[in-house]
Amino acid sequence: MSQTELEQDQSIVVWATPIYHRKLKLQEQKEIKTLLEPFITDDVLDQNAFNLSKQKSSIRNPKNAELPWDQFLAYLRPYIDDFYKLLRPNRNFHTDITCPWINTYDVDNFQEVHDHAFRNLSFSCIYYYELPYQPEPAGKTFFLNRYSAEPKMTDLNYIFDFFKDHEKVTLDASTGSFVIFPAWLQHFTVPTEKPRITITANLCITPAESIEY
């Protein structure tokens with residue numbers, strides 16, 4: 001092996017942030033809609049449940065806990081397990097899923113920049129219950145990179161394509177998409193031109209046995 005080959009073989013990408021995106025099967029999407037459609041009502045959704053955003057959400061409504069979330073999460077668990085496999089676990093762990101909640105967005109509604117970086121939360125996930133096609137960037141979810149300042153300080157984002165999406169990225173999500181990302185990753189949505197509905201939950205990961213550092 002030449003020195004050049006050795007160097008290429010040892011090259012790494014640091015600060016990698018896993019963002020998982022899969023599309024649920026059409027039959028799964030239909031069954032989820034049948035399951036949850038009766039609950040997407042004004043008595044479950046509160047206006048402007050979040051500061052600085054414009055939407056309706058069930059997150060703080062007591063009726064949210066009464067929704068058939070166990071049945072809904074059963075559709076997502078195979079995808080969550082697939083995501084864990086991609087992360088190459090090296091020890092046994094437990095995973096708990098917080099009670100999901102519904103967000104609905106009418107025309108011009110949006111979600112401000114925020115994260116889910118609360119104690120014991122590892123990952124967050126979004127199921128796009130209803131996301132009709134619309135011209136970009138309307139209705140898109142964007143993720144922000146906490147390390148985006150460095151390449152901008154030296155114009156690397158203009159010189160190398162590698163840094164082109166270093167500041168913020170979005171996914172080609174549509175109805176039926178399921179996305180998982182680190183809970184600490186800041187994200188936001190651009191005002192939508194068509195009504196959209198998402199369902200969000202958080203994942204807590206803990207080791208099955210104590211870890212010696």
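**Reading helix packing and the nonpolar core**

User: I've got this model open. Where should I look if I want to start with Phe72 and its contacts?

Analyst: Keep in mind that this is a predicted model. Skip the neighbours within four places in sequence, and Phe72 is in contact with Ile32, Leu35, Leu36, Pro100, Tyr127 and Ile199.

User: How do I read the way helix H2 and helix H3 pack, and at what angle?

Analyst: Look at the angle between the two axes; anything over 145 degrees counts as roughly antiparallel. Here H2 (residues 26-36) and H3 (residues 69-86) pack at about 160°, and their axes are 10 Å apart. That's why H2 is roughly antiparallel to H3. The crossing of H2 past H3 is left-handed.

User: Which residues in H2 and H3 meet?

Analyst: From H2 you get Glu28, Glu31, Ile32, Leu35 and Leu36, and on the H3 side they meet Trp69, Gln71, Phe72, Tyr75 and Tyr79. Sorted by class, this contact holds seven nonpolar residues, one polar and two charged.

User: And what about the largest nonpolar core? Which residues have the most contacts inside it?

Analyst: The general idea is that nonpolar side chains tend to be buried together in soluble globular proteins. In this model the largest nonpolar core has 28 residues, and Phe72, Phe178 and Ile180 have the most contacts inside it. Two or more residues come from each of H2, H3, strand E7 (123-130), strand E10 (177-182) and strand E12 (196-207). H3 gives the most, with eight residues.

User: Which residues does the second core include?

Analyst: That core is separate and has eight residues, including Ile126, Tyr128, Phe143 and Phe181.

Definitions and conventions: Residues numbered from 1 in each chain as written. Predicted model: local features only at pLDDT ≥ 70, side-chain atom pairs only at ≥ 80, totals over all residues. Heavy atoms only, no water. Axes fitted to C-alpha atoms, helices over the stretch in contact; angles between N-to-C directions. Helix = DSSP H or I, 4+ residues; strand = E, 2+ residues; numbered from the N terminus. Parallel < 35°, antiparallel > 145°, perpendicular 65-115°, else oblique. Left-handed = near helix turned anticlockwise from the far one by under 90°. Contact = heavy atoms within 4.5 Å. Nonpolar A, V, L, I, M, F, W, Y, C, P; charged D, E, K, R; others polar. Core = buried A, V, L, I, M, F, W, Y, C linked by side-chain atoms within 4.5 Å. Buried < 20%, exposed > 50% of the residue type's maximum accessible area, 1.4 Å probe, protein only.
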